[in-house]
Amino acid sequence: VYRASIVQKRIIYFQDEGSLTKKICEQDSTSDGVTDKPILDCCACGTAKYRLTFYGNWSEKTHPKDFPRRTNHWSAIIGSSHSKNYILWEYGGYASEGVKQVAELGSPVKMEEEIRQQSDEVLTVIKAKAQWPAWQPLNVRAAPSAEFSVDRHRHLMSFLTMLGPSPDWNVGLSAEDLCTKDCGWVQKVVQDLIPWDAGTDSGVTYESPNKPTVPQEKIRPLTSLDHPQSPFYDPEGGSIKLVARVVIERIARKGEQCNIVPDNIDDIVADLAPEEKEEDDTPETCIYSNWSPWSACSSSTCEKGKRMRQRMLKAQLDLSVPCPDTQDFQPCMGPGCSDEDGSTCMMSDWITWSPCSVSCGMGTRSRERYVKQFPEDGSMCKVPTEETEKCVVNEECSPSSCLVTEWGEWDECSASCGTGMKRRHRMIKMTPADGSMCKAETTEAEKCMMPECRKCP
């Protein structure tokens, strides 16, 4: 329990309850994760704008068991701000086709299509880039972020991203309510995340072969006792170590607000303590949001232009004292024209080439790099961050070649004692281009020896 005190003129004031006391509890690992919290109607006015920032903490250092070194990544983030009439995903529910494709393939295309079909119930589609590899220091690669808006009707926010490679494991938030019971907008949400299972694939390790779950199961959080081969397995049944954190911060409120009083003590502190310490003549009676990032320069050449940043006037405590402008301008020149070369992009090294897109014949492969430091003059980086080239696998393969998956794990021996048989399977990924039958074996069997059978006395 954290308690805060207020000291004024050597007199100590302490509020035993309310916003000056925070109680933080250990996450309940025994919960089945089914959301039963009712979603209330929102009474807030106007709209609010938020920024979602995703911090992945899944790495070989934090999760060493069977960590996939070469292909670890987070898929593209996909989500939306929406009403309570539309739920993208939830614990205890079944994954839609869009959720399934994110969960198993990391593809957001179908999920975005499903979201846009709910146009009346959705205000903003939330999208952010994939991360290859899954973790890099923030001074090398900025955490992915996206901005979105909410209103009285569409005041919930949901998103998901695949932990890859994996059978169908994801992290995200489901129906996070950003409307307060006092008819205001939440200032900040910080949520640590554990992976969850979409219920569409029965693999137990990061790189398990495709094994559809039939019938489909409900979405549930992963636990440390799911399977001994699971990378999160703990024989003592402890909590799964967190793999990510999401921070949702309110960056603006627009339109007439029916709750002009800040929501709570935290909100007041956030309003009165701007992050940027700059010398200006802003009266204490004028409360602003933080400055936005500088815009790109209006000039793309070495002719002088200007760039702009903005802030919002959140409260004017004394109407007799005028508040300064909410826009700020600064002279600038196009990329490459700065005396200090402030338009230079610092790039990371190229990441290893991806596997070839085909396993037979000519395909393509790609590699990526990231912006380590953006230009100081506010201009955009024009350096390519992705390269693609052709690749050839098995030049001698023909149109009758058949593409198959890797072999799955061996089934249990058919006999409990003596000699039996065990089998393993693989699937056909693509039939021959010439329409002929696939001659590749999809089932393999071999003998297995169990302990010698004993006769009953």
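Guide: Strand S5 (residues 47-56) and strand S15 (residues 244-254) pair in the antiparallel sense, over 10 bridges. Strands and helices here are DSSP runs numbered from the N terminus, with at least two residues (E) for a strand and at least four (H or I) for a helix. Two strands count as paired if DSSP finds at least two bridges between them. Strands of a sheet pair through backbone hydrogen bonds, either parallel or antiparallel. Within this pair, Gly-56 stands opposite Ala-244 in S15.

This is a predicted model, in which local features need pLDDT of at least 70 and side-chain atom pairs count only at pLDDT 80 or more, while totals for chains, interfaces and linings use all residues. Residues are numbered from 1 along each chain as its sequence is written, and side-chain values use heavy atoms, with hydrogens and water left out.

S5 and S15 belong to an open sheet of four strands, in the order S9-S5-S15-S12, with antiparallel pairing. Strand S9 (145-150) and strand S12 (188-193) are at the edges with a single partner strand each, so one side of each has no neighbour in the sheet. From one strand to the next, the twist averages 20°.

Some loops touch on these strands. The loop between S5 and strand S6 (73-74) holds Asp-66, whose phi is near 55°, a positive value in a residue other than glycine. The loop between S8 and S9 holds Pro-133, and the peptide bond from Trp-132 to Pro-133 is cis, with omega near -10°.

The term means a side-chain nitrogen of Lys or Arg within 4 Å of a carboxyl oxygen of Asp or Glu. A search of the whole structure finds 16 salt bridges.

Helix H2 (residues 109-116) packs with helix H1 (residues 97-105) at an angle of about 155°, their axes 7 Å apart. The axes are lines fitted to C-alpha atoms over the stretch in contact, and angles run from 0 to 180 degrees between N-to-C directions. H1 and H2 are therefore roughly antiparallel, a label for angles over 145 degrees. Residues in the contact (heavy atoms within 4.5 Å) include Val-99 and Val-102 of H1 and Met-111 of H2.

Conventions. Angles under 35 degrees count as roughly parallel, over 145 as roughly antiparallel, 65 to 115 as roughly perpendicular and the rest as oblique.
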